[in-house]
Amino acid sequence: MSPAAQLRALLAQDKLHVMPCCFDALSAKLIEQAGFGLTLMSGFATSASRIGEPDLGLMSYGEVLDQARNITDAISIPLIADGDTGYGNAMNVRRTVSGFAKAGAAAVMIEDQLAPKRCGHTPGKAVVSGEEAFDRIRAARDARDEGTDILILARTDARHDHGLNEAIDRAQKFKELGADILFVEAPRTVEEMQLLCRELPGPKMANIVEGGETPDLPHDELRDIGFSIAAYPLTLMAAAMKAMTEVLHSLSADTDRTPHLMDFKTLRQKIGFEHYYEMSSRYETSDR
């Protein structure tokens, strides 16, 4: 099955798919090894890990595409790529969608923020007009329907400045235009989450940022509300940064750092050394 077909099959199931988000090939491999069925390349975490900068539209299309390609090469589960605003006008959106499909992504997220975009739970974000937002989804749909095997995850950030009703109206139009998955960013209460799930058709994604604006609900409650996907965009990045900061403090203070470390054997196994050695043993010259 193609990545897109795998994702369609997952979405056809009547369940909530818990989706830790990755930021590089290793984090994506760990997600798959832990048994999760899909992942999304978090723009926030990818910007932090690749260029050491905040998610404020600083990464180029080429950098994001390259990161997505590295990730899809390393995993067999579907990847949802973050296509941001499409990197320009509607024609750029078409190229963005086609590019991520060629890179092996199962879906691409296209949003209605004004460029340069912002992380959905940080200040300063604004959205384009409805017509420009709809043109982005039209262009994404056209790229998909003209032979590109990829799903469209349509995101709106209109809740921030224009209220939940405007966000729901935009998302409804996105669905009419052909979006496969809907994402209303940053509802602020359980009641808002319930309302958008009642009003919007098809698969819907919740975005759970620990400490962010959207309530961090148990998985069963998110499922009962009506979400198909629960994305956790910063969980792995926050855990990794906390662990690295703590072990650096231990190293600086010359105290025992082993409690902070994965043992060397497990480290090698999860990266893939043992698999490499097993495969390479088939070839007499591979150890030279």
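Five aromatic pairs are counted in this predicted model, where rings of Phe, Tyr and Trp (its six-membered ring) pair if their centres lie within 6.5 Å, and planes under 30 degrees apart count as stacked, over 60 as edge-to-face and the rest as tilted. The rings of Tyr61 and Phe100 have centres 6.1 Å apart and planes at 90 degrees, so this pair is edge-to-face. Tyr61 belongs to helix 4 (residues 61-74) and Phe100 to helix 5 (residues 90-102), so the pair ties together parts 39 residues apart in sequence; helices are DSSP runs of H or I with at least four residues, numbered from the N terminus. Both Tyr61 and Phe100 are buried (buried, under 20% relative accessible area; exposed, over 50%; partly exposed, in between; 1.4 Å probe, protein chains only). Ring pairs link Tyr61, Tyr87 and Phe100 into a cluster.

Residues are numbered from 1 along each chain as its sequence is written, and side-chain values use heavy atoms, without hydrogens and water.

A nonpolar core is a set of buried Ala, Val, Leu, Ile, Met, Phe, Trp, Tyr and Cys residues joined through side-chain atoms within 4.5 Å. The largest such core has 56 residues, and Phe100 is among those with the most contacts inside it, as are Val97, Phe174, Leu196, Leu222 and Phe227. Helix 6 (residues 130-145) gives the most to this core, with six residues. Apart from this core lies another of 19 residues, including Leu7, Met19, Leu38 and Leu153.

Technical notes. Predicted model: local features only at pLDDT ≥ 70, side-chain atom pairs only at ≥ 80, totals over all residues. Helix = DSSP H or I, 4+ residues; strand = E, 2+ residues; numbered from the N terminus.
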